[in-house]
Amino acid sequence: VEHEPQMRPGSTQRGRTRSEARVARGVGAALALFAPAMLTGCGSGGARQTLQKVASWTATARMAADELEARHTTPRYTGKTLAVASDQVASQARSFAPNDLPGALRAPAVGAVTAARQAIRDMSRAAERRDGAALARAAARADSADRALDALLAALPER
Amino acid sequence: MSKILEIALGMVTGIGGFLEAGSIATAAQAGADFGYQLIWAIGVGTLALIILLEMSGRLALVSHRTLADAIRERFGVGYFIVPLVVGLVLSLLVLSAEIGGVAFALQMATGVSFQWWALPVALVGWLLLWKGTFGAIEKGTAFLGLVAVSIAVAALRLHPDWTRVGAGLLPTQPTHERARYWFLAVSIVGASISPYLYYFYSAGAIEDHWDLSYLGINRIVAALGNLFGGVLAAAVLVVAVLVFGPRGIHVERFEQLGLLLTPALGRWGFVFLVATLGINCFSATVEIALSAAYLLAQSFGWEWAEDARPSEHARFSLAYTVAIFLAAVPIALGVDALKLTNVSMALTAASLPVTVLPLLVLMNDRYYLHKHRNGWAGNLALGAVAVLSVVLLVVAIPLQFLGGG
């Protein structure tokens, strides 16, 4: 007949001391706290964060175009920066989850993100062709998209 | 006269040493996201670096031992493995970030993608280490790095609200994105007090044959050089507040930094920014590669001296050769240099106790410092840095996950 091992004072049923169990619970709680962040990676903070990032890159693209027009930067630098902005906004647009937003803001948000994405893509292409007029036209559209994004962000509660 | 020259050169080196990829990037991010609110973190980092450099310099010139030598000798090889491994891993990470900074500066200047520049940058850095002397590397790159003064000029031309700048010296709670705020605070401190800086500084004191007559120079160089470096890092933050803040630009990539100075300085602003990023990151690249080689050589008792021929100290030369080319690989593979910078700065902050706590013991050891041991004020200051380092160890990694995105 096998007997249950006698429990030591201060031990749990599985033979671990209380302090060991406390450490294990602490580690479990820490993992529960940080696992979502580790698994999803940085930058998955929902629709508000996506809108913020798109607005930031739209403003970057606008400023890059303005500074090129003022001859403060080079076409090479501007072209590269606009290409990066285009990639970043496209990436944000792909992961955009408008369902996180209040119902009334979903459609305008999708519209603003799409408009920003298209405007910055066109800016990047215009910069590649060294077409100043097309760059200015696309920059004006990016400006409108940027204002729409700012209005949406102002309507959303701060995290 | 020569002592005044030493002080001037030391101060210039301090400016160049302070401002590199980590401090430029984190200060710009902080200014863009939180206005003047994080200037205090630069102040804390600067003060802590002054304390650590003065003490590691004093330790070297009194005991004729580098910080690494003294830690190994006093605490034994068993303990020394920890700062050695941590120091080498972090040096490689920070070295990658600095090579990334130079590569991005070259991308801004030429339009050629940063990945293509990683190995050429490593090659030029290696050539400088192979052919150059310690003095030429330290002083030459630091003098060129004075171009960073243009950032202070830009800050002045943008007419910041000095009352608000001053208010930023006092820590305040953020109104939004608390995790991001504290992550950036930790990264700024990590960028300011990277262990490579004081390993390099103490090895430099030995290379430059500092003796007891340099006690005062050590104090002045550590204080004023890094104070000016801290002021320039604060200037980056101020310019970011005034240029990126109103436009809603958050700094996520090095490319965005090309626009930092143009509103204040026009075309020259772009040129100065590219030069500042390129030269200061290059200066940090060669210093970190050298620092990693010093650490390895001092750990294993190899002969080491940057001024000697590479063939005379072959293992030391091999160490910086491997370090610089190994660190170039992630950038050549296209790793996001700004993310790498942020991660390495936070990890650097987390690693501080392994060197700061032993330094606290060493600075009170009569065997090493004789009558030049710390007094109560020195111990209070270093004790405060030690407490700060332990706090950073506890919070840095969780904040990396919560606010580093």
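Begin by selecting B:Ile39, B:Gly230, B:Val231, B:Ala234 and B:Ala235, the closest to the pocket centre of its 19 lining residues. On a 1 Å grid over the protein atoms alone, a pocket is an open set of points with protein on both sides within 12 Å along at least five of seven lines, a cavity is a set where a 1.4 Å probe fits but cannot get out, and lining residues have an atom within 4 Å of a point. Grid points are joined across faces, edges and corners, and a volume is the space filled by probe spheres set on the points.

Next, display helix 3 (39-63), helix 7 (149-157), helix 8 (162-167) and helix 11 (215-243) of chain B, each of which supplies at least two residues of this pocket lining. Helices are DSSP runs (H or I, at least four residues), numbered from the N terminus. Coloured by class, the pocket lining shows 16 nonpolar, three polar and no charged residues. Here Ala, Val, Leu, Ile, Met, Phe, Trp, Tyr, Cys and Pro count as nonpolar, Asp, Glu, Lys and Arg as charged, and the others, Gly among them, as polar.

Now turn to the second largest cavity, which holds about 70 Å³ of space. Select its lining, including B:Val86, B:Leu90, B:Tyr196, B:Leu295 and B:Thr348. Helix 4 (67-110) and helix 10 (195-207) of chain B each give two or more residues to this cavity lining, and helix 4 gives the most, with five. The cavity lining divides into seven nonpolar, four polar and no charged residues.

Residues are numbered from 1 along each chain as its sequence is written, and chains are lettered from A and ligands numbered from 1 in the order in which they are written. In this predicted model, local features need pLDDT of at least 70, side-chain atom pairs count only at pLDDT 80 or more, and totals for chains, interfaces and linings use all residues, while side-chain values use heavy atoms, with hydrogens and water left out.
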